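Here is a short tour for anyone opening this structure for the first time. Have a look at it, then read on.

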There are 2 protein chains.
Amino acid sequence: MASSAAAATKQANGAGALDRLLAATQPEMERVNALILKRADSHVEMVPALARYLIEAGGKRLRPMLTIAAAMLCGKARGAQINYAAAVEFMHNATLLHDDVVDESDLRRGRPAARTIWGNQASVLVGDFLLGQAFMMMVEAGDLEALGVLSKAATIIAEGEVFQLAKAKDLSTTPEHYDQVIRAKTAMLFEAAAEVGAMAGGADAAIRAALRDYGRELGLAFQLVDDVLDYRGESGAMGKNTGDDLREGKMTLPVILALADANRAEREILVAALGQPAASETTLAQVVAIMNRHDTLGRTVELALAHVRLAREALAPLPASEMKTLLSDIAEFYVSRAY
Amino acid sequence: MASSAAAATKQANGAGALDRLLAATQPEMERVNALILKRADSHVEMVPALARYLIEAGGKRLRPMLTIAAAMLCGKARGAQINYAAAVEFMHNATLLHDDVVDESDLRRGRPAARTIWGNQASVLVGDFLLGQAFMMMVEAGDLEALGVLSKAATIIAEGEVFQLAKAKDLSTTPEHYDQVIRAKTAMLFEAAAEVGAMAGGADAAIRAALRDYGRELGLAFQLVDDVLDYRGESGAMGKNTGDDLREGKMTLPVILALADANRAEREILVAALGQPAASETTLAQVVAIMNRHDTLGRTVELALAHVRLAREALAPLPASEMKTLLSDIAEFYVSRAY
C-alpha cells in the first residue's frame with residue numbers, strides 16, 4: 001500500500017511535469033505540427049490520407065518535443081529546431097509504418113494500423129516518402145553536422161530493427177543483446193532528437209553531449225517500460241494489443257529474465273508460447289504468472305528507473321533553469337506509465 | 001528484314017558504347033564498388049548477407065556509372081562523385097528491396113528475390129538501412145545542395161511508387177498518368193544521378209541542367225523499354241518473370257494503349273487478365289497478341305526512341321569530348337534491349 005501510494009505520487013509528479021512541459025513548448029510545437037501537416041501533403045492522395053491517419057492519431061510527440069525543449073534550453077535557437085523536430089517525428093512515423101508491416105500488427109495508437117486499411121504496400125512506400133521528406137527538411141535547415149547526426153540515427157535504427165528480427169525466438173538472447181537492440185531501435189532517436197535540438201539552440205560541446213546522454217537514457221527507460229506494458233498493460237494503455245511481443249517472439253527483457261530463472265516446467269510453457277501468433281489469453285496469463293513469480297516485470301521497471309536516474313544525472317552540466325527542472329521532472333513520466 | 005538488320009546494327013552500336021563507357025569509368029567504378037561493399041557491412045550479420053546478395057547479383061550499375069561519367073565529363077571532380085555514386089546505388093537497391101515486397105516478386109536480377117530467402121520483414125528493414133547509409137555517404141561528401149537533390153529524389157521516387165500503386169488495375173489510367181509515374185519512380189533517380197555527378201565535377205548551371213535533362217530522358221527511355229520487355233522479354237532477359245506487370249495489374253503504356261484501342265472482345269480479355277496473380281501463359285500470349293494487333297509494344301518502343309533523341313539533344317550545350325560522345329552513344333543501348 002505504501003509503495004502503491006508512493007507510485008501514485010510519482011505518477012502524479014510525472015504527469016504534472018508533462019503538462020508543464022507541454023505548456024512551455026506549446027508555441028513552438030504548434031509550428032512543428034503545422035510543418036508536419038504541410039510536409040505530409042502530396043498530389044498523390046493516398047500519401048496524405050495514410051500519413052495523416054497515422055500522424056493525427058494523437059501520439060504524444062515526445063521525440064519532437066525533446067528537440068524543441070533542448071533547443072529552448074540552450075537559448076539561441078533560430079528556427080532550425082522546427083525542421084529538426086518535424087524531421088524526427090517523420091523518421092519516427094516512417095519507422096512505425098514499417099514496423100507494423102514487419103510485425104504484422106493490427107493496432108497502432110489504439111486504432112487499426114494503417115496497413116490494415118491501405119495495405120502493407122502503401123505502408124512501406126509512404127514510410128519511404130516520410131523518410132525522404134524528413135531528409136529534405138533537414139537539408140533545408142542547412143546544417144551538415146545535424147544532418148550527419150540524424151542520418152546516422154536512421155541507419156542505426158534500421159540496423160537495430162534487423163538485429164531484433166534476427167533475435168526473434170532466439171532462446172540464447174542475453175540481456176546484453178536486448179540492451180544493444182533497444183539502444184539502436186529506440187534510444188538512438190531520442191538521443192538524436194535531443195542532440196539536434198541542442199545544436200539548433202547553439203549549445204557548446206559539453207551541453208550538447210549532456211543532452212545527447214539525457215535523450216539516450218530517457219529512450220532506454222521508455223523502451224523498457226514499453227516492454228513491461230506489453231505484458232502488464234491494460235486495454236488501450238498503449239493502443240496496442242497486450243501480448244503482441246510474446247506472439248511475435250520478441251526477446252524483450254521480461255521474457256529473457258524469465259527464461260533464465262524458469263524451472264523446467266515454466267521454461268516449457270514459455271518456449272511453447274513464444275512466437276505463437278495464436279497464443280491465447282490463458283497462455284498469456286500463464287506467462288505473466290511466471291514473470292511475476294520471478295519478478296521479471298518488476299526488475300525491468302527497476303532497470304528503467306535506473307536509466308531515469310542516469311538521464312537526470314546527465315543534466316548536471318547544465319546551468320539551472322526552468323527548462324532543466326522540467327526535463328528532469330519529465331523523466332519520471334516515462335516510467336510512471338508502468339505503475 | 002531490312003529493319004531487323006538496322007536494329008541489329010543499332011544494338012551492336014549500343015553494346016559497343018556500353019563497353020567503351022565501362023572501360024572509361026572502370027577505375028572510378030572500382031572505388032565505387034569498394035565503397036558499396038564497405039558500407040553494406042554491419043555487425044548485424046543479416047544486413048551484409050542480404051545487402052550483398054542483392055548488390056553482388058550483378059546489376060549493371062547504370063545509375064552510379066552515370067554519376068561517375070557526368071563527373072568525369074565536367075573535369076573537376078575531387079572525390080565526392082564516389083560517395084554520390086555509391087549513395088545512388090544504395091537508394092536504387094533500397095527501392096528494389098521495397099518494390100519486391102510491394103510487388104510480391106519472386107525473382108530479381110535472375111535470382112530468387114531477397115524477400116523469398118530472408119523474408120519481407122528483413123527486406124523492408126535492410127532497405128531502410130541502405131537508405132540511411134546512402135544519406136550518411138552524402139553527408140560525408142559535404143555538399144548540402146547535392147544532398148538536397150538526392151533527398152528530394154528519394155521523396156519523389158516514393159511518391160511515384162505510391163501513385164503507381166494507387167493506379168493499379170485502374171482502367172481509367174491515361175498515358176499522362178503513366179508518364180507521371182515513370183518520371184517519378186524511375187527517371188528521377190537517373191536525373192539526380194547525373195546531376196550530382198555534374199555537381200561533383202564542378203559543372204556550371206548550364207552544364208548541370210544539360211546533364212540533368214540527359215539523365216531524365218535516359219531514365220524515361222529505360223523504363224519504357226522495361227515495360228515492353230515485361231511483355232516481350234525472353235526468359236532471363238531482365239531477370240524477372242515475363243508477365244509480372246500484367247499479373248500485378250500495373251498500368252504500363254503497352255496495356256493503356258491496348259485498352260484504348262481494343263474492341264469489346266479484346267477489352268474483355270485484357271480486363272479479365274489484369275491483376276490476376278495466376279494468369280496463365282496462354283492468357284499472357286492472348287494479351288500480347290492483342291498488343292501486337294494494335295502495335296502497342298512497338299509504339300512504346302517508338303516513344304522510348306523519342307526520349308533517347310531528347311537525351312542526346314540535351315547534351316548539345318556540352319563542349320565536344322570523348323565522354324560526351326560516349327554518353328550520346330550509350331543512350332542507344334538503353335533501347336537496344338527492346339529489339
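## A lysine in a loop

Start with Lys169(B): is this residue buried, exposed or partly exposed? Lys169(B) has 13 other C-beta atoms within 10 Å, so this residue counts as partly exposed. You'll find Lys169(B) in the loop that sits between α6 and α7 (175-200) of chain B. Keep in mind that this is a predicted model.

What does Lys169(B) touch, once its neighbours within four places in sequence are set aside? The contacts are Gly249(B), Leu274(B) and Gly275(B). Leu147(B), on the other hand, is 22 residues away from Lys169(B) in sequence, and their C-alpha atoms are 35 Å apart in space.

## A valine in α6 of chain B

Now move to Val149(B), which belongs to helix α6 of chain B. Val149(B) has 21 C-beta neighbours inside 10 Å, and because 20 or more is what it takes, Val149(B) is buried.

Ignoring neighbours within four places in sequence, Val149(B) is in contact with Ala192(B), Glu195(B) and Val196(B). Another residue to look at is Glu191(B): 42 residues separate Glu191(B) from Val149(B) along the chain, while their C-alpha atoms are 9.5 Å apart.

## Where the two chains meet

Zoom out to the place where the chains touch. On the chain B side, 35 residues are in contact with 35 residues of chain A. Four helices of chain B each supply at least two residues to that side: α2 (46-55), α4 (80-103), α5 (114-141) and α6 (144-167). Which of them gives the largest share? That's α6(B), with 14 residues. Sorted by class, the side of chain B that touches chain A has 22 nonpolar, nine polar and four charged residues.

Helix α5 (residues 114-141) of chain A packs against α4(B) at an angle of about 155°, and their axes are 8 Å apart. An angle over 145 degrees counts as roughly antiparallel, so that is how α5(A) runs relative to α4(B). The crossing of α5(A) past α4(B) is left-handed. On the α5(A) side you'll see Gln121(A), Val124(A), Leu125(A) and Asp128(A), which meet His98(B), Val101(B) and Val102(B) of α4(B). By class, this contact has four nonpolar, two polar and one charged residues.

## A helix pair inside chain A

Chain A has a helix pair of its own to check out. Helix α8 (residues 205-232) and helix α13 (residues 296-314) of chain A pack with their axes 8 Å apart, at an angle of about 165°. That angle makes α8(A) roughly antiparallel to α13(A). Is their crossing left-handed or right-handed? α8(A) and α13(A) cross in a left-handed way. The contact between α8(A) and α13(A) has 17 nonpolar, two polar and four charged residues.

## Chain A as a whole

Step back once more and take in the chain. Chain A has 14 helices and two strands. Its radius of gyration is 20 Å, close to the 20 Å that the globule rule gives for 339 residues, so chain A is as compact as a globular protein of that length. Along the principal axes, the C-alpha atoms of chain A fill a box of roughly 60 × 50 × 30 Å.

How much of chain A is buried? Buried residues account for 56% of the 339 residues. As for contacts in chain A between residues at least 6 apart in sequence, 77% of them join residues at least 24 apart.

Technical notes. Residues are numbered from 1 along each chain as its sequence is written. Chains are lettered from A and ligands numbered from 1 in the order in which they are written. This is a predicted model: local features need pLDDT of at least 70, side-chain atom pairs count only at pLDDT 80 or more; totals for chains, interfaces and linings use all residues. Two residues are in contact if their C-beta atoms, placed from the backbone, lie within 7 Å. Ala, Val, Leu, Ile, Met, Phe, Trp, Tyr, Cys and Pro count as nonpolar, Asp, Glu, Lys and Arg as charged, and the others, Gly among them, as polar. Axes are lines fitted to C-alpha atoms, for helices over the stretch in contact, and angles run from 0 to 180 degrees between N-to-C directions. Angles under 35 degrees count as roughly parallel, over 145 as roughly antiparallel, 65 to 115 as roughly perpendicular and the rest as oblique. A crossing is left-handed if the near helix is turned anticlockwise from the far one by less than a right angle, and right-handed if clockwise. A residue is buried if 20 or more other C-beta atoms lie within 10 Å of its own, exposed if 12 or fewer, and partly exposed in between; C-beta atoms are placed from the backbone. The radius of gyration is taken over C-alpha atoms; the globule rule is 2.2 Å times the number of residues to the power 0.38.
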